[in-house]
Amino acid sequence: MREHALEVYQGETLIFYSDGKWLHPLLDLEQFLAARPYDPGALSVHDKIVGRAAALLIVRLGVRRVHADILSELGADALRHFHVAFDYDRLVPRLACQTEALLGDELDLERAHALILERARREAAPSP
């Protein structure tokens, strides 16, 4: 049974976890993997909620296996498009999330990454 919002396994070994909100756990995973010699293709991601944005970030990282507690159809479409193996506990038509709407039909991994980073920067910026 999972204890964290995001867990990443190499085989049966938990190598990374995060309880952050929104897409921050996947952005943290990106930094984690950049600093370590793991083969992303050998990892599996277990995420609480996977929509289009999360799916594109996961694909961009090179992960080839995903389990989602909740998966949106837009996320599933992106994972299928990039031939990533996935399963889920519950499939929903769409997430009630601005990022899901923003990335609707996006499949360009670099453009999606840039949009997500921009949203994360705006979120982190202090209010005037």
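I started at glycine 62, which follows α2 and has a positive phi, near 95°. Helices here are DSSP runs of H or I with at least four residues, strands are E runs of at least two, and both are numbered from the N terminus.

I noted the ground rules next. The model is predicted, so local features need pLDDT of at least 70 and side-chain atom pairs pLDDT 80 or more, while totals for chains, interfaces and linings use all residues. Residues count from 1 along each chain as its sequence is written, and side-chain values use heavy atoms, without hydrogens or water.

**Helix α2**

I looked up how enclosed α2 is. Nine of its ten residues are buried, so α2 is largely enclosed by the rest of the structure. Buried means under 20% relative accessible area, exposed means over 50%, and partly exposed lies in between, with a 1.4 Å probe and protein chains only. Among the buried residues I found Arg52, Leu56 and Leu61.

**The sheet**

Which order do the strands take? I read β2-β1-β3-β4-β5, an open sheet of five strands with mixed pairing. Two strands pair if DSSP finds at least two bridges between them. β2 (13–18) and β5 (85–92) are at the edges with a single partner strand each, so one side of each has no neighbour in the sheet. The twist averages 15° from one strand to the next.

I then went through the pairs. β1 and β3 run antiparallel, joined by five bridges. There, glutamate 7 has histidine 46 of β3 as its bridge partner. β3 and β4 run parallel over six bridges, and isoleucine 49 stands opposite isoleucine 70 in β4. β4 (residues 65–72) and β5 are also parallel, with seven bridges. Alanine 68 faces tyrosine 88 in β5.

**Helices on the sheet**

I found α1 (residues 24–34) lying across β1 (6–10), β2 and β3 (43–50), at about 130° to β2. Helix α2 (residues 52–61) packs on the sheet and touches β3 and β4, its direction making about 165° with that of β3. Contact means heavy atoms within 4.5 Å. Axes are lines fitted to C-alpha atoms, for helices over the stretch in contact, and angles run from 0 to 180 degrees between N-to-C directions.

I kept one general point for reading the strands. In a regular strand the side chains alternate between the two faces of the sheet.
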